[in-house]
Amino acid sequence: HRQGDRDCWRLRIFWSGRSSEERREAGLGFAIATTYVHKLASIPVGLNDRLMKMQLPLGHKTNAPLISAYVPTMTSPNEIKDRFYEKLDSLIDSVQERLIILGDLNAHVGTDHQAWHKTIEKHGVGKSNSNGLLLHSLCASHDLAITNTMFRLLTCNKTRRMHPHDTGTSLTMSSKHHVFKRSNVSSYFRTALNKAYFSSNN
């Protein structure tokens with residue numbers, strides 16, 4: 001496991017991945033405006049090539065813990081996905097109540113908000129798949145809400161990519177999700193996203 005940082009235009013990119021001698025299957029990071037980096041209480045920390053964490057200052061001596069996650073794809077062996085979710089579950093348990101998870105979660109959470117009323121709202125996309133069920137279960141156990149299902153957005157703003165022959169309703173979409181602690185959703189969107197420019201990259 002390796003991690004580092006570099007400047008790119010007006011951003012400081014903090015990354016986490018593997019060394020050049022290892023097989024690279026993942027990697028991720030936070031891209032933060034250079035004018036904001038000095039306000040961070042500590043630099044982002046890479047746990048492995050699929051998880052990073054940082055503290056986003058919100059003012060009044062409070063912070064929002066951010067987790068950047070790159071979830072194994074559908075084709076990954078079940079044991080790899082199980083290990084990832086066990087690590088993510090432990091990481092969530094270790095942070096304070098306020099929490100934001102960003103990244104490529106490689107899951108279709110579907111539109112069945114009645115069955116999963118604690119995790120999604122009525123603006124989901126497509127049908128849930130096995131990775132979606134893992135995400136639903138994780139969110140339900142930690143009172144987390146998948147917030148981009150709460151707003152009426154264009155499909156292109158809810159999904160990371162589509163198969164060239166996808167009509168927008170099949171299972172070939174790879175959705176990009178943002179997960180917030182349900183009790184903090186409204187205040188976090190206004191405060192956290194206005195105070196910092198950040199993104200999650202793989």
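Modeller: A nonpolar core is a set of buried Ala, Val, Leu, Ile, Met, Phe, Trp, Tyr and Cys residues joined through side-chain atoms within 4.5 Å. Please keep in mind that this is a predicted model.

Biologist: Which element gives the largest share of the largest nonpolar core?

Modeller: The largest nonpolar core has 22 residues, and those with the most contacts inside it are Ile67, Ile92, Ile101 and Leu135. Two or more residues come from each of β6 (62–70), α2 (78–94), α3 (130–141) and β8 (144–146). With five residues, the largest share belongs to α2.

Biologist: Is Cys139 buried or exposed?

Modeller: Buried means under 20% relative accessible area. Cys8, at 36%, is therefore partly exposed. Cys139 has a relative accessibility of 1%, so Cys139 counts as buried.

Biologist: How many disulfides does the structure hold?

Modeller: A disulfide is a covalent bond between the sulfur atoms of two cysteines. To count as one here, a pair of cysteine sulfur atoms must lie within 2.5 Å. The number of disulfides in the structure is zero.

Biologist: Which residue in β2 is the bridge partner of Asp7?

Modeller: Strands β1 (residues 2–8) and β2 (residues 11–17) run antiparallel and are joined by seven bridges. They form a hairpin with two residues between them, and Trp9 in the turn has a positive phi of about 60°. Within β2, the bridge partner of Asp7 is Arg12.

Conventions
Residues are numbered from 1 along each chain as its sequence is written. This is a predicted model: local features need pLDDT of at least 70, side-chain atom pairs count only at pLDDT 80 or more; totals for chains, interfaces and linings use all residues. Side-chain values use heavy atoms; hydrogens and water are left out. Buried means under 20% relative accessible area, exposed over 50%, partly exposed in between (1.4 Å probe, protein chains only). Helices (H or I, at least four residues) and strands (E, at least two) are DSSP runs, numbered from the N terminus. Two strands pair if DSSP finds at least two bridges between them.
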